[in-house]
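Hello,

Here is the structure I promised to pass on to you. Please open it next to this email, and take your time finding each place as you read.

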Amino acid sequence: MAVRSTGIQAARIDPFGLFKKECENILAGAYARLRHDKGVALPKIDIASTLEDPPNEEFGHLASSISFELARVLKSKPMKVASDLSDEARKGEKFELVESVQPAEPGYLNFKANLPHLARLTLDAIGKAGPNYGLVIASTPQRIIVEHTSANPARPIHIGTSKNSIFGDTLARILKARGHMVQTHFYIDDTGRQVAQMAYGYKLLGEPAPSGKTDEFIGRVYSVTSTLVEIDENKRRLALLKKTNASDLDIVAVTKELDEWVGVAEELHSKYPEMFDALSELVSKEEDPQKSISQLIRRYEKGEQETKTLIRRVSQMVLAGFEETLRRARIHFDQWDWESEMLWTGRVAELLDRLKESGLARNRSGSWQLDAEKAVEDFGLREKLGLSPTFEVAPLTLTRSDGTSLYPTRDIAYTMYKFEWAERVINVIGVEQTLAQLQVKIAVYLLGHRKEAMNFIHFPIGLLVLEGQRMSARKGRYVTFDQLLDEAFLRAKQEVEKRSSDLPDEVKDRVAKRISMSAVRYAMLSVEASKSTNFVWDRALNFEANSAPFINYAYTRTLGILKKLGKFDRPGSFDKLNEPAEQNLILCLSRFPEIFTKSADELNPTLLCLYANQLAQRFHEFYEKSDISHVADTKLKLQRTSLVEASRTVLQTVAGLLGLELAERM
RNA sequence: GGGCCGGUAGUCGAGCCAGGACCAAGACGGCGGCCUGCGGAGCCGCAAAUCGUGGGUUCGAAUCCCACCCGGCCCGCCA
């Protein structure tokens, strides 16, 4: 029990944070005395905000720019103020983690850390807390739902969506580690047109047993069907236009659209000739495919048994494929929510009633619209939501004129559903949905759920374009997540083969699997989520510096040394680790709690990713410069070994947070 | 037409919200070194940036404000 409680306490220790706190106290004390001595009215200053990281270690480990601010009030030179403050500082509080305070041109106050002390604090904490080191628990844990991926179950998950999955999953891991209760949800958009088209095509084919991976098979059915339907529709429109003597402009536009789809059809035909010909034949015999599809949607919304069975069956097949793919990248969901349930349970209808009663919805020839702009003004949301005065919030159409609901409406109902359990809802969704997400937020607010609205967070994922071109699921132009993982695996396998040909093949496969999956995750996570990125194979599959293999390699090196040295007792002091590379590594380890906390609270997995890289880098430097197993000085050897073990522990923790799987051999 | 987001070496990309030592991190690519020691997927060094442009605020601007240019995205009875 005692051991456990020290472990828990050690998990809370933030060594660099303590150093920072001490700098703050010293500075606060010095400033208070200076205020007293000068007898001038000196302003209150937020000391912590003046502390920053110096550009390099010759300036110490933290620096304050407070003197610049004070110099103005005192009508003195910043350098003079800095040296006065450092004199005062030396008169006051005892230094523990702080080694020295020095004024420096043009007026900084530089704090050096007492490295042996910081090292002991850090390495002891890591030793005691082990895998929990740095995972500082939030003071007020929350129930959080992270919704992510939520791809239409009409085609396989492509690399664009995978970015969404990887960020969502990592976010959930980080928040869980921070002590929150986290649930990941997948929202199945089964009431939309895409799914209906897919089901329609599948039914036409006579509901065959899928060959190969289910989501790929159904994805082909969807692409081919929707293309054929699109061509059919455009042909009808063109005929109508010609009959009614429409303007040339309209005719040209439709002709262009038609040509485009014919081009897509040719592509699909060459890829899947058999399925294409079969469906083409079947669709051409249909009286009005578009109408049949709309009918399917209406029947499904009503919950008609036969349609329900069909659509659920096809959707399930695709979802099974999703799960299989996602499992390869260590992504799983706690809950799968069907959009149709929002309709069948009456949630959408109830929501519509409430919105109509709000006085902010208006009826336009049967179709209901929400005046989001007015809602913003009525509730003073412009300021609360940080919207600029020029930002115009477009109205939101809630229903078609036949009364059926639209996607955003169902999403509002779904959001309310999530808040029945969650205190915070994070939606990991593309940036292009920014406006739609804002409208959901506004709707939640105007219904009186103000706290919920404020805890409704859109985590935007920047667009991923494929070697310069935008991907199109409808046109069947995309690279699937599976293909990416496959390719990564092949490349990793080659590398493993090169280096560890002695391993049995199944071990090589396992290693290559871990390395490739981690490389893919890392490549996505290392660039900030909201940035749009151009997907380039060679960059996504980089195995050198700034990559998961680079981190894995550091880990492998720690294992090599520790295995060679066997069991050892943790030393009581760390006074011999004086090499710059050793000190840099210690400092890096001491900062982990701070980085983790920031990354969790600011919802920024990239921060941790960059940290992982830096830690690996620091370790590689240390490894090259310091001998470990063959030093004669046993004390030094022990201290270095301890540093290796601490590095291994933290590398493992960070990798776990990022969802990387480290291979013990590479 | 309106709005939102971005523009940092040849390329990719931190830093920007909370202005300070920025003659700007890191990586890829280029050039040159390092294996008789713990695995070279590593380490060390060199070259490479008008921080989109112009103005402003400030003792101080990549960072804040204004204008403009370029790129992306959004403004559907699609999802």
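**What I found**

Chain A has 28 helices and 14 strands. Please keep in mind that this is a predicted model. Along the principal axes, the C-alpha atoms of chain A fill a box of roughly 95 × 70 × 55 Å. The chain has 666 residues, and 52% of them count as buried. If you look at contacts in chain A between residues at least 6 apart in sequence, 78% of them join residues at least 24 apart.

**Around the RNA**

Now turn to RNA strand B. Which residues come nearest to RNA strand B, out of the 68 around it? They are Tyr108, Asp189, Arg499, Tyr553 and Tyr623. Sorted by class, the surface near RNA strand B has 25 charged, 23 nonpolar and 20 polar residues.

Which part of the RNA faces the protein is also worth a look. Among the atoms of RNA strand B within 4 Å of the protein, 66% belong to sugar or phosphate, and the rest belong to bases.

- Base: a polar side-chain atom of Arg72 lies 3.4 Å from a base nitrogen of RNA strand B.
- Sugar or linking oxygen: an N or O atom in the side chain of Arg539 is 3.3 Å from such an oxygen of RNA strand B.
- Phosphate: a polar backbone atom of Ala545 is 3.2 Å from a phosphate oxygen of RNA strand B.

Several elements give two or more residues to the surface near RNA strand B: helix 4 (66-74), strand 4 (108-113), helix 21, helix 24 (548-565) and helix 27 (605-625). Which of the elements gives the largest share of this surface? That is helix 24, with 8 residues.

**Two helices that cross**

Helix 21, one of the elements that contribute to the surface near RNA strand B, also meets another helix. The axes of helix 21 (residues 481-499) and helix 13 (residues 305-328) come within 10 Å of each other and cross at roughly 35°. The crossing of these two helices is left-handed. On the side of helix 13, the contact is made by Thr325, Leu326 and Arg328. Helix 21 brings Phe481, Asp482, Leu485 and Asp486 to the contact. By class, the residues of this contact divide into 3 nonpolar, 1 polar and 3 charged.

Enjoy exploring, and write back with any questions.

Best wishes

Note on methods: Residues are numbered from 1 along each chain as its sequence is written. Chains are lettered from A and ligands numbered from 1 in the order in which they are written. This is a predicted model: local features need pLDDT of at least 70, side-chain atom pairs count only at pLDDT 80 or more; totals for chains, interfaces and linings use all residues. Side-chain values use heavy atoms; hydrogens and water are left out. Axes are lines fitted to C-alpha atoms, for helices over the stretch in contact, and angles run from 0 to 180 degrees between N-to-C directions. Helices (H or I, at least four residues) and strands (E, at least two) are DSSP runs, numbered from the N terminus. A crossing is left-handed if the near helix is turned anticlockwise from the far one by less than a right angle, and right-handed if clockwise. Contact means heavy atoms within 4.5 Å. Ala, Val, Leu, Ile, Met, Phe, Trp, Tyr, Cys and Pro count as nonpolar, Asp, Glu, Lys and Arg as charged, and the others, Gly among them, as polar. A residue is near a molecule or strand if one of its heavy atoms lies within 4 Å of it. A polar contact is a pair of N or O atoms within 3.5 Å; within protein, one must be able to donate a hydrogen and the other to accept it, and residues adjacent in sequence count only if both atoms are side-chain atoms. Buried means under 20% relative accessible area, exposed over 50%, partly exposed in between (1.4 Å probe, protein chains only).
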